[in-house]
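The structure is shown first, and the account follows.

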Amino acid sequence: MSRAAAAALLALAPVGARALDCTAALVLALDVSSSVDAAEYALQMQGLAAALRDPAVVETILSPPGAGVMASAFAWSGFQHQELLIDWTWLGDRASIEAFAASLAAAPRRYDHWPTALGRATGFAAALHGENPVPCRRRVVDVSGDGANNDGVGPQWHRERGAFEGITFNGLVIAGADPDPVLYYRAEVLHGPGAFLEVIHSYTDYPGAILRKLLRELQPPFAQRQP
């Protein structure tokens, strides 16, 4: 269900049925900067799609019975290069989850030669949460990347202005670059209750890592481990 369709559903539903049981609003922020080659891009997109189709993730999204998740996804690279891949969509049954995963798996890459504007990406993700038409119990951003910010202001600029209030930012980092992206994500990206970082050393490890990450961040807060 698109953002417009979700809003229309809420407007037309009887008063007692207007509140969808949204356990979490999730923004997926995917790095497509110049450090990510074509094979790594494919591993990222196909791995994310496979994780969303995993029975354990599907069960988590649809638990408790009748609940669901609002989700959106965008690709980011340079300061002026954020591309919305999938607008806010209600994931409330297996068919909608499959459609979302299929759209991610088929998403073409438009940019491959821009730097890493991680600050702009986090700001874009926070603004996207402000456009979600469905109230949810938690607001989460899942940021994947392999480098520190090197284009424009960093995440701290947005944090100091209150843009991240009420949002948890989790990270999945591919280690190995200089400066160390692991240290950068820990210091600058992680934010909010229960925020955590998943660290891998190659994009070949991405499919397993994003599966672990989704299972962890979509669980109720009381079930999450501490960072």
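Which side chain meets that of E83 in a salt bridge? The partner is R110, with an N to O distance of 3.9 Å; a salt bridge is a side-chain nitrogen of Lys or Arg within 4 Å of a carboxyl oxygen of Asp or Glu.

## Basis of the model

This is a predicted model, in which local features need pLDDT of at least 70 and side-chain atom pairs count only at pLDDT 80 or more, while totals for chains, interfaces and linings use all residues. Residues are numbered from 1 along each chain as its sequence is written, and side-chain values use heavy atoms, with hydrogens and water left out.

## Salt bridges

Eight salt bridges are found in the whole structure. E83 belongs to strand β3 and R110 to the loop between α4 and α5, so their pair ties together parts 27 residues apart in sequence. Helices (H or I, at least four residues) and strands (E, at least two) are DSSP runs, numbered from the N terminus. E83 is buried at 15% relative accessibility, whereas R110 is exposed at 55%. Buried means under 20% relative accessible area, exposed over 50%, and partly exposed in between (1.4 Å probe, protein chains only).

K213 forms a salt bridge with D142, the closest N and O atoms being 2.7 Å apart. K213 lies in helix α8 and D142 in strand β4, so this pair ties together parts 71 residues apart in sequence. K213 is buried, at 0% relative accessibility, and D142 is buried too, at 2%. Salt bridges with shared partners join D142, K213 and E217 into one network.

## Strand β4

Six of the seven residues of β4 are buried, so this strand is largely enclosed by the rest of the structure. β4 runs parallel to β1, joined by six bridges; V27 has V141 as its bridge partner in β4. β4 also pairs with β5 in the parallel sense over six bridges, and G145 stands opposite V173 in β5. Strands count as paired if DSSP finds at least two bridges between them.

## Nonpolar cores

The largest nonpolar core has 37 residues, and L48, I61, F100, L104 and L214 have the most contacts inside it. Its largest share, six residues, comes from α2. Such a core is a set of buried Ala, Val, Leu, Ile, Met, Phe, Trp, Tyr and Cys residues joined through side-chain atoms within 4.5 Å.

A second, separate core of 32 residues includes L20, F124, V173 and V182.
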